[in-house]
Amino acid sequence: MTEATVKAVAAKAAVIIYGNEGGYGSVNANDNGAVSVGKVQWHGSRALDLLKTIITKLGQRQAENILGAALYKEIKTAIQWSTRTVTATEKNKLTVLLTTPAGRTAQDELAQKDVLSY
């Protein structure tokens, strides 16, 4: 099986596996004690890791414009978010970040990586 075929199978499997989770911009501010984000509803520190990837793809200026300096800095420097919930204002900012082209690409890449690791 070629790498392209494996990726195509993984993409189709991701649609089935994650079909009921959420959309690209979904944010659950308090999902059993921590935030969950994105089309797969990555939770807590996995959400943080995804957000770190997105802000790296966007670059500091664009990410700070979306998130504001304080939330950008927290995402950039935090080690874990196992108990981090978000406010309504932060939720809205995260939704904007997640739905940028970089946010969608990062989610697609992580979902594919997750499926391939099963």
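Which helix lies across β1 and β2, and at about what angle to β1 does it run? Helix α5, residues 88–98, lies across these two strands and runs at about 135° to β1. Axes here are lines fitted to C-alpha atoms, for helices over the stretch in contact, and angles run from 0 to 180 degrees between N-to-C directions.

The model is predicted: local features need pLDDT of at least 70, side-chain atom pairs count only at pLDDT 80 or more, and totals for chains, interfaces and linings use all residues. Residues are numbered from 1 along each chain as its sequence is written, and side-chain values use heavy atoms, with hydrogens and water left out.

**Overall layout**

The chain has 6 helices and 3 strands, where helices (H or I, at least four residues) and strands (E, at least two) are DSSP runs numbered from the N terminus. Along the sequence they follow the pattern α-β-β-β-α-α-α-α-α. Of the 118 residues, 38% count as buried; buried means under 20% relative accessible area, exposed over 50%, and partly exposed in between, with a 1.4 Å probe and protein chains only. Contact means heavy atoms within 4.5 Å. Among contacts between residues at least 6 apart in sequence, 63% join residues at least 24 apart.

**The sheet**

Strands of a sheet pair through backbone hydrogen bonds, either parallel or antiparallel. In this model an open sheet of 3 strands has the order β1-β2-β3, with antiparallel pairing. Two strands pair if DSSP finds at least two bridges between them. The edge strands, β1 (27–31) and β3 (42–43), each pair on one side only. Strand β2 covers residues 34–37.

| Hairpin | Bridges | Residues between strands | Residue with positive phi |
|---|---|---|---|
| β1 and β2 | 3 bridges | 2 residues | N32, near 55° |
| β2 and β3 | 2 bridges | 4 residues | G38, near 85° |

Another joins V37 to its partner W42 in β3.

**The core**

In soluble globular proteins, nonpolar side chains tend to be buried together. A nonpolar core is a set of buried Ala, Val, Leu, Ile, Met, Phe, Trp, Tyr and Cys residues joined through side-chain atoms within 4.5 Å. The largest such core holds 28 residues, and V37, L50, L67, I75, L94 and L97 touch the most other members. At least two core residues come from each of β2, α2 (45–58), α3 (60–67), α4 (69–77), α5 and α6 (101–117). Helix α2 gives the largest share, 7 residues. Leaving out residues up to four places away in sequence, I75 touches L48, L51, K52, I55, L67, W81 and L94.

**Helices α3 and α4**

Helices α3 and α4 pack at an angle of about 120°, with their axes 7 Å apart. That angle makes α3 oblique to α4, because angles under 35 degrees count as roughly parallel, over 145 as roughly antiparallel, 65 to 115 as roughly perpendicular and the rest as oblique. Q60, A63, E64 and L67 of α3 make the contact with A69, L71, Y72 and I75 of α4.

**A buried arginine**

R84 is found in the loop between α4 and α5. Is R84 buried or exposed? R84 is buried, because its relative accessible area is 17%. Not counting residues up to four places away in sequence, R84 touches G33, A34, V35, L71, E74 and E90.
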